[in-house]
Amino acid sequence: MRRRGLWAVVGVAALVLGGGLTVAGCGTVGYLAQTVHGHLSLMQQARPVEHWLADGATPERLRERLLLSQRIRRFAVDELALPDTRSYRGYADLGRSAAVWNVVAVPELSLTLKTWCFPVVGCVGYRGYYDRDEAEAFAQGLRAQGYDVRVYGVPAYSTLGRLEWLGGDPLLNTFIGYPEGELARLIFHELAHHVVYVKDDTSFNESFATAVERLGVQRWLQQHASPAVREEYERFDTRRRDFQALTLRYRARLAEVYAGPGSDEDKRRGKAEVLAAMRAEHARLKAGPWEGFAGYDRWFEQANGASLAVLAAYTELVPGFERLFDARGRSFPRFYDAVRELAQRPRDERRQALTSPMIADKDPAR
């Protein structure tokens, strides 16, 4: 029983922090301890949604959002063929602004994310903490080693459907107040990680989940949202796509600087010029089409190589997954089957199948 208990704790640590947000490095017993404690504390604060709805002290706004979340959750199962698990059937108020804080890092003149590896979930390019001060302390150590580092709050994470015996992943105060379309996107994204997860391939996992969220929210808005909600989402999504296009373009420019000739000092100057130009273009967007929207201000103020490196993981392969969805008759079950088959291939073959339009339209089993 003692041994089983030990491996249960290690399994929680691996799945919690590897399954969508972070992993531990060598010799980090204390890190494992905060991982287990943090997730179990989160779960202890969660109560079934029906308990919150029956509680007369539950604020009406929260009650409305919880009811909406359950309609979205049912839609995810009935229309998107996502797993009908215990996840997002409970709710917890953590009393903080993020579920965890992620730390990402790249060498000063590189866009290759530093990775940490762990049993079960493999290697990923981020490491997370339930306490922001601990995340900042770890980040400071990486900066002292010369890395570009970024710390950012994560509103939710997925345990891949493997911790249902603990109650699954709960709804949290960190995102329950999102606009309707954004709340649907987040739930669809995290549930997609329950469908397919490939060790050591963050781009495949995150791009797949991003494709599912985009496809899913389109159906939700068409079938269930009011005109006002659809208009609100369109404004949100237009700015998001502008942001993604801008940042990916400057990421490519920075990659050219790093790959080009010249000394390290030349590349540092080139890097500074690219980041300055990116911030200037953001300022023009904010003053023009975005009509003063300030939601991305903090990101651009703190942007560095690590900021740009981590963004690509969530979008790089999305077009390929969307083509695959179309090739499977826009059927979610057939799409998931094709993705599962792709997941069995070597990494290079997966990437080729998703980046070549000719190959992406073929059955990956052939």
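R63 counts as buried, at 17% relative accessibility (buried means under 20% relative accessible area, exposed over 50%, partly exposed in between, with a 1.4 Å probe and protein chains only). This is a predicted model, in which local features need pLDDT of at least 70 and side-chain atom pairs count only at pLDDT 80 or more, while totals for chains, interfaces and linings use all residues. Residues are numbered from 1 along each chain as its sequence is written, and side-chain values use heavy atoms, with hydrogens and water left out.

**Salt bridges**

- Side chains of opposite charge can pair when their charged atoms come close.
- The model has 24 salt bridges, where a salt bridge is a side-chain nitrogen of Lys or Arg within 4 Å of a carboxyl oxygen of Asp or Glu.
- R63 forms a salt bridge with E60, at 3.5 Å from N to O.
- Both E60 and R63 belong to helix α4 (residues 60-78), where they are three residues apart, about one turn of the helix.
- Helices (H or I, at least four residues) and strands (E, at least two) are DSSP runs, numbered from the N terminus.
- D84 and R89 form another salt bridge, with their closest N and O atoms 2.5 Å apart; R89 is partly exposed at 23% relative accessible area.
- The salt bridge between D326 and R330 has an N to O distance of 2.4 Å.
- D326 is partly exposed, with a relative accessible area of 43%, and R330 is partly exposed as well, at 38%.
- A network of salt bridges links E182, R185, E213, D237, R240 and R241.

- An open sheet is formed by three strands in the order β6-β3-β7, with antiparallel pairing; two strands pair if DSSP finds at least two bridges between them.
- At the edges lie β6 (127-129) and β7 (147-154), each of which pairs on one side only.
- On average, neighbouring strands of this sheet are turned by 25° against each other, direction ignored.
- Axes are lines fitted to C-alpha atoms, for helices over the stretch in contact, and angles run from 0 to 180 degrees between N-to-C directions.
- Eight bridges join strand β3 (residues 100-107) to β7 in the antiparallel sense, and V100 stands opposite V154 in β7.
- Helix α5 (residues 132-144) packs on the sheet and touches β3, β6 and β7; the direction of α5 makes about 165° with that of β7.
- Contact means heavy atoms within 4.5 Å.

**Helix α8**

- Helix α8 (residues 227-259) has 33 residues and spans 47 Å from its first C-alpha to its last, close to the 48 Å expected at 1.5 Å a residue.
- The expected span of a helix is 1.5 Å times one less than its number of residues.
- Among the buried residues of α8 are V229, Y233, D237, R240 and F243; D237 and R240 also take part in the salt-bridge network.
- The buried residues of α8 pack against α6 (180-192), α7 (202-224), α9 (264-287), α10 (297-302) and α11 (305-315).

**A309 in helix α11**

- A309 lies in helix α11 and counts as buried, at 5% relative accessibility.
- Leaving aside neighbours within four places in sequence, A309 is in contact with V106, L111, L113 and R251.
- A309 and V106 are 203 residues apart along the chain, yet their C-alpha atoms are separated by 7.6 Å.
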